[in-house]
Amino acid sequence: MRAFWSYLGYDGAWTAQTLRALSELAVGKVAVVEHLDLPDAMQHHLMHMGFTPEARVMVVRRAPAGDPTVYAIDGFEIALRRETAKSILVRQTEGA
Amino acid sequence: MSSCCTTDTIELPQQPRVAGKLQTVALVGPPNSGKSTLFNRLTGLRQKVANYPGVTVEQHLGRMKGIGRADLVLIDLPGIYSFDSYSEDARVAVDVLRGEMPGTPRPDAVLLVLDSLHLRRQLMLAAPVLALNLPTLVLLNMTDLMESRGGEVDTLALAQELGVPVAKISGAQGIGLNAIAQFLNRRSEPAVETTQAPRLELPVVGNARSYRQWATGVSSRTKYKAPLSSEWTRKLDGVLLHRVWGPLLFLVVVFAVFQVVFTLGNPLSDAFGNVLYGLGDFVGRFLGDGWLKSFVIEGVWRGVASVLVFLPQILLLFLFIGVLEDSGYLARAALIADRFMKGIGLNGKAFIPLLSAYACAVPAIMATRTIENKRDRFATILVTPFMTCSARLPIYILIIAAFIPNRPVLGDLLGLQAVAMIGLYLLGFLAALGTARLLKSSILKASSTPFILELPQYRMPTARGLALRLYDRGKLFTKKTGTIILCATVVLWILAHLPIHATLPDSVIGRLGHWIEPAIRPLGFNWKIGIGILSSIVAREVIVGTLGTLYGADPATQALHLQAALRHDLTLGGAMALLVFFAFAMQCTSTLAIVRRETNSWRWPALQFAYMTVLAYLGALATNQLILHLMR
């Protein structure tokens, strides 16, 4: 259980920084990429496209059908499906 | 398959290089960095497109005439994010740069293009490229845009950080190209070699994280200030990707394209046709009245000209596709369509090959290489030929113009002919979807694969870029008309005139036609249409040439234009059935050959051919019978 909490970023006291899946973020929110949990090849590809730990990502808009979602990272706009974004864990920054 | 090879004499130098002498230069850069525009600037119109041996990644070569260095060959490498072999593209680019690509010598110098609007991420590619230790010039592209939006970068500091020269350019405006010329000229003189500044630290561990840290460090040390993101792009996306307006505008765009292709294309095509036929008549006057005139004018010229007249419509269609693609709208269209594509079991990425199949299925099938999952990729390959390619346009336009009155449907905005055309495009699209669904729920079942798509900023398409596309397309179409279609019409004319002195129904072709007629009569086709269909197994446009030749050889219809001859000879049911037949049938040997190559087996193209032919026959049968029933 302890490992599970620390995996989520819980360090004994809830701070403003909790880990969430990127897919859960509402449009307009900003967060910092913490960790990717995807197959190797895809993970590397995404990291080279900007999804590296500590990168700031913003949810720009959802496609007309509600999925995929457009994310801004490093000034680029990249669209990901929900199933991919849910494997990208982010730390939501306070006030964002 | 040789349709994409030009007659240009751009050869890669194979002899051992002379010390310090430049021969080949490679152009490297991430996707959307403006590499292709720059390539066109540097090489001008004469470039060679071929495939790398063993893979279907295209190889673009050109002599650097744009900067007065026709002695240098420029290789345009596929756009890559990193040296990771995520895709076939990346593998090819890395192999060429390392000199491991058979048939391509290791480049003597590298031009690394980086989009200065997004320098921080783009610099990540600089690390592995610089580590190759080739003479490199870093080009910061689109600096005009960056500076106008308040961005900054210290190029001198950047050059020091990277240990290689850096130049600000704008490929779209043609600014800063002399820096490239200078770099190459200096490189050509052996005297100044080996005076390079010691290179600063490159990341030792080659992973994304360390590259990113390095790139972030470099960009902050060089005082890089990212420009404000384009207000325009955000605002336009607010509308074009809007929940309601987005899909609606998408449909409006599609309808508008077809309406313009008809209202503007038809008069152009008619005028062009008059010129072509007039030219034939003019030449005919010098040929006397014997068999020579019959062969050259009624046989060959009529056949070729009846296909060639569609050049204006095809160019118009490509102009629109070019505007949509160059402006960045196509990526948005893929985004809008992804949910839908997912619903039928295809990857959103399949949307781009399917869309480019509106031009031609051959490059579209090659473009499926970006789909990582093999089953997804095969399913996409198998449905691609249902998309309405430009080779179907001639027969569609011919039949629609001959049989469908151009009554207004929505006031003056939309005519019945355009609606019929859109209906045919829709029919092909639905057939593709239905087939995809069928394949994905049976023989090609697989879990879904990711959809990762970068949305480029909107850009104004340049006249230069569009002109280049039209030139390429026009050349390809004219070339096909001059080769495959010319051959087919010659053979046909000969068969229509053998044995000597036989009338058309008694000729070899007439007898063959009458022999197959019972099989196609229920579809509402006569024997001439049957011959047209048989001859168009090579390529779809051939049917129009064949009909031109056959009706030209028939005394009853000789004096008529092809449209009038068809109206005289075909029922409405038969005409509509013919449209449906062409919407479904697999009439293209080039496509079959590429499917064979891509799937590495004859099984798939055979299955595809059989399935599509049966569907075409049944579809045409149903259409004709339905119309017969309704008109009774």
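What share of the contacts in chain A with a separation of 6 or more comes from residues 24 or more positions apart? It is 55%. Keep in mind throughout that this is a predicted model.

Let me stay with chain A for a moment. There are 3 helices and 6 strands in chain A. Along the sequence they come in the order α-β-β-α-β-β-β-α-β. Chain A has 96 residues, and 36% of them are buried.

Now the interface. Chain A puts 27 residues into the contact, and chain B puts in 30. By residue type, the side of chain B that touches chain A splits into 15 nonpolar, 10 charged and 5 polar.

Look at β8 of chain B again. Strand β5 of chain A, residues 76–80, pairs with β8(B) through 4 bridges. The two strands run antiparallel. Within that pairing, Glu77(A) sits opposite Leu455(B).

On to the core. The largest nonpolar core has 195 residues. Which of them touch the most other members? Those are Leu27(B), Leu112(B), Val138(B), Leu139(B), Leu578(B) and Leu579(B). Helix α23 of chain B, residues 572–584, gives this core its largest share, 10 residues. Where does the core lie relative to the domains of chain B? Domain 1 (2–228) and domain 2 (248–631) both contribute residues, so the core lies between them. Take Leu579(B) as one case. Beyond four places in sequence, Leu579(B) touches Tyr396(B), Ile399(B) and Leu424(B).

Last, an annotation. The unreviewed UniProt entry lists Asn40(B), Thr43(B) and Gly44(B) under "binding site". I'll take two of these.

Thr43(B) is in helix α1 of chain B, residues 35–43. Is Thr43(B) buried or exposed? Buried, because 25 C-beta neighbours lie inside 10 Å, and the cut-off is 20 or more. Leaving out residues up to four places away, Thr43(B) touches Gly62(B), Arg63(B), Met64(B), Lys65(B), Gly66(B) and Leu74(B).

Gly44(B) is in the loop between α1 and β2 (47–51) of chain B. Gly44(B) has 15 other C-beta atoms within 10 Å, so it counts as partly exposed. Beyond four places in sequence, Gly44(B) contacts Lys65(B) and Gly66(B). Both of those residues are also on the list for Thr43(B).

How values were computed: Residues are numbered from 1 along each chain as its sequence is written. Chains are lettered from A and ligands numbered from 1 in the order in which they are written. This is a predicted model: local features need pLDDT of at least 70, side-chain atom pairs count only at pLDDT 80 or more; totals for chains, interfaces and linings use all residues. Two residues are in contact if their C-beta atoms, placed from the backbone, lie within 7 Å. Ala, Val, Leu, Ile, Met, Phe, Trp, Tyr, Cys and Pro count as nonpolar, Asp, Glu, Lys and Arg as charged, and the others, Gly among them, as polar. Two strands pair if DSSP finds at least two bridges between them. A nonpolar core is a set of buried Ala, Val, Leu, Ile, Met, Phe, Trp, Tyr and Cys residues joined through C-beta atoms within 7 Å. A residue is buried if 20 or more other C-beta atoms lie within 10 Å of its own, exposed if 12 or fewer, and partly exposed in between; C-beta atoms are placed from the backbone. Domain bounds come from an automatic or database domain assignment. UniProt positions are given in the numbering used here, feature names are shortened, and annotations may be inferred rather than shown by experiment.
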